[in-house]
Amino acid sequence: MTRASAALAVLAIVLIALPAMVGNYALSVVTLILYFAYTGQAWNVMMGFAGQLSLGHALYVGVGAYAAGGLFFHYGAGPWAGLWLAMLLCVALGLVIGFLAFRFGVSGVYFALLTIAFAEFTRVGFDHLDWLGGPGGMFLRVAQRDTWDILNFRGPPLMYYYAILFLCGAALALCNLLLKSKAGYYWQAIRENEEAAQALGINTFRWKMLAVAISSAMTSVSGVFFAFYYNNLFPEQIFHISRSIEIILGPIIGGVGTLFGPILGAAVLTLLSDGITEGLAAMGWEIPGIKQVFYGVVLLAVIMFLPNGIWPFIARKLKL
Amino acid sequence: MSFDLVANVVVAGVLTGLVYGLMALGLSVIFGVVRVVNFAHGEMMTIAMYAATVLFASLGLDPFLCILPAALAFFVFGYLLQAGLINPFITRPEHSQFMLLVAVAIIMVNALLMVFGPSARSIQVDYQLESFELGKVLVDKARFFAALAAVVTAGLLFSFFKFSLMGKAIRACADNHLGALVVGLDVKKLYALTFGLGSVCVAVAGCAMVLLVDVTPPLGPAYTLLAFVIVIVGGLGSMPGALLGGVLIGVSEALAGLFVAPSAKSMFSFGLLILILLLRPQGLLGKKA
């Protein structure tokens with residue numbers, strides 16, 4: 001057993017046992033961390049593995065959330081049906097965007113801006129879609145907080161915690177598998193030098209499309225989780241570019257293209273943001289905006305001094 | 001719906017669009033030379049707008065008189081931002097540059113929120129209510145002067161790049177980075193100058209825009225997106241393209257507001273952006289890479 005897998009096993013045991021040790025507030029913070037870790041992992045498949053910079057991943061979260069949320073809201077269908085619809089829609093969307101971009105040779109900065117454009121287009125579109133609540137939002141029937149209703153995914157916070165923990169573990173295993181598969185090696189070849197990869201006979205279009213499909217399917221699941229965990233959906237919030245940025249901050253801060261970067265980055269950023277809130281409240285400095293200024297400064301420092309992210313730095317220090 | 005109404009709306013759209021165009025021109029110049037997308041562009045624009053409201057409130061300075069001090073301050077700010085923060089990042093991958101400027105943008109928006117609070121600020125001057133009559137078309141005076149300031153600034157910038165030695169040197173950097181280094185140009189200094197000039201565009205556009213809309217901190221990210229849309233439609237790196245893109249977006253926003261719903265206007269802009277990216281990715285006036 002290597003040091004890395006031993007450390008991972010310890011982390012897994014701690015996380016599984018965590019609810020017995022901490023209160024509801026801490027559990028909600030860890031749930032949030034895991035949510036960002038999972039979503040960051042999904043984004044990382046596209047950017048970290050295949051080198052396609054998406055700045056519009058909130059699109060898949062939003063469409064996933066509205067697909068499952070809408071089915072539940074209008075027809076009372078639980079998320080197990082909604083999950084498939086969400087994945088189907090998001091994969092279809094991702095493939096359309098990917099097809100258009102890759103076929104028309106939109107790459108680099110232009111690809112990133114195209115993904116923003118689709119997300120923003122959809123955001124304004126949902127604002128005018130009254131069937132799904134429009135700008136006033138869609139509110140799901142609030143959960144019975146004491147019983148575990150697995151069929152409708154309604155229950156106490158503990159249930160959501162274990163659900164997102166499971167998703168994180170599954171995503172980690174899937175990404176590990178992908179990185180070591182043929183696709184993973186092809187993606188890395190495309191990421192490092194697309195023309196060289198093409199010259200070696202790799203059908204770069206097909207493999208990039210696969211990365212987009214997997215990434216959008218994974219991200220749609222975080223949308224479904226989001227809908228049933230928070231119970232309310234507003235286009236202005238879920239599709240907004242700041243949500244897309246939030247999704248990708250974790251993996252970039254943690255380490256793009258690494259397996260543990262998204263997890264570490266999510267933990268660092270969420271704890272940092274919470275820590276700043278607590279610290280400022282303790283000092284009585286509760287001016288709107290001050291928290292985000294601190295957050296921005298720390299972000300700036302990390303990106304300046306640890307350009308490859310925190311995880312590669314720590315992994316080197318710990319010899320993992 | 002009468003023809004007069006449409007004509008009025010189109011004229012207003014063109015004039016506002018010219019100011020948008022100047023803002024986008026700054027982004028386009030910076031990208032064209034430095035090859036870094038300034039994700040804090042709209043945030044800088046709102047800083048200029050707030051600066052104009054402060055100068056107006058404290059000294060009673062007309063926004064058009066604010067243009068000169070604001071442009072100077074922004075030039076220095078842009079120069080320092082590029083020289084201090086962005087130059088070390090020009091060889092880093094795109095997502096790294098993106099993160100850097102997003103961090104700068106987050107700090108700017110929230111610093112504005114801290115200082116000015118969330119409520120909207122505006123400037124009231126007497127000529128805002130006056131207008132010229134051209135036949136049946138009414139042209140707002142403030143809007144006309146704002147567009148005039150934008151056109152004059154853009155004209156000065158064009159001639160700087162076209163005729164001055166330094167402007168030619170900057171264009172040389174943009175055309176051939178290695179060649180510029182070989183002939184002994186101080187590329188990093190020219191990059192900083194370019195960022196300074198791009199910031200001047202933003203300063204002028206901000207001072208002009210503050211007469212047309214109320215300013216709030218969240219306007220920054222919205223303007224960043226708007227500037228992206230405009231430069232891509234016009235052609236990223238093309239100077240006339242930025243102005244043309246600005247006018248097109250200004251008119252399409254105005255017409256969408258009239259015929260569909262004001263809240264749906266950005267949907268048309270983004271729809272146009274998607275079409276352009278797919279059919280003519282270099283933009284209307286851009287050159288093929």
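Reader: Which residue is the bridge partner of F132(B) in β2(B)?

Author: The partner is V139(B), a residue of β2(B). Please keep in mind that this is a predicted model.

Reader: How do β1 and β2 of chain B pair, and over how many bridges?

Author: The two strands of chain B run antiparallel, with four bridges between them. Strand β1 covers residues 131-134 and strand β2 covers residues 137-140.

Reader: And what sits between the strands of that hairpin?

Author: Two residues lie between β1(B) and β2(B), and in this hairpin G135(B) adopts a positive phi near 60°.

Reader: Turning to chain A, how many helices and strands does it have?

Author: Chain A has 14 helices and two strands.

Reader: What is the radius of gyration of chain A, and what would a compact globule have?

Author: The value for chain A is 20 Å, and a compact globule of 320 residues would have a radius of gyration near 20 Å, so the two agree. Along the principal axes, the C-alpha atoms of chain A occupy a box of roughly 60 × 50 × 40 Å.

Reader: How much of chain A counts as buried?

Author: Of its 320 residues, 47% are buried. As for contacts in chain A between residues at least 6 apart in sequence, 75% link residues at least 24 apart.

Reader: Which residues touch the most other members of the largest nonpolar core?

Author: That core has 207 residues, and those touching the most other members are V19(B), M23(B), A48(B), A150(B), V204(B) and A205(B).

Reader: What is V204(B) in contact with, leaving aside its neighbours within four places in sequence?

Author: V204(B) contacts L22(B), I67(B), A71(B), A149(B), A150(B) and T153(B). One of these, A150(B), is itself among the core residues that touch the most other members.

Reader: Finally, what are the confidence scores?

Author: The model has an ipTM of 0.84 and a pTM of 0.89. For chain B the mean pLDDT is 90, with 99% of its residues at 70 or more.

Technical notes: Residues numbered from 1 in each chain as written. Chains lettered and ligands numbered in written order. Predicted model: local features only at pLDDT ≥ 70, side-chain atom pairs only at ≥ 80, totals over all residues. Rg over C-alpha atoms; globule rule 2.2 N^0.38 Å. Buried ≥ 20, exposed ≤ 12 C-beta atoms within 10 Å, placed from the backbone. Contact = placed C-beta atoms within 7 Å. Core = buried A, V, L, I, M, F, W, Y, C linked by C-beta atoms within 7 Å. pLDDT = per-residue confidence, 0-100. Pairing = 2+ DSSP bridges.
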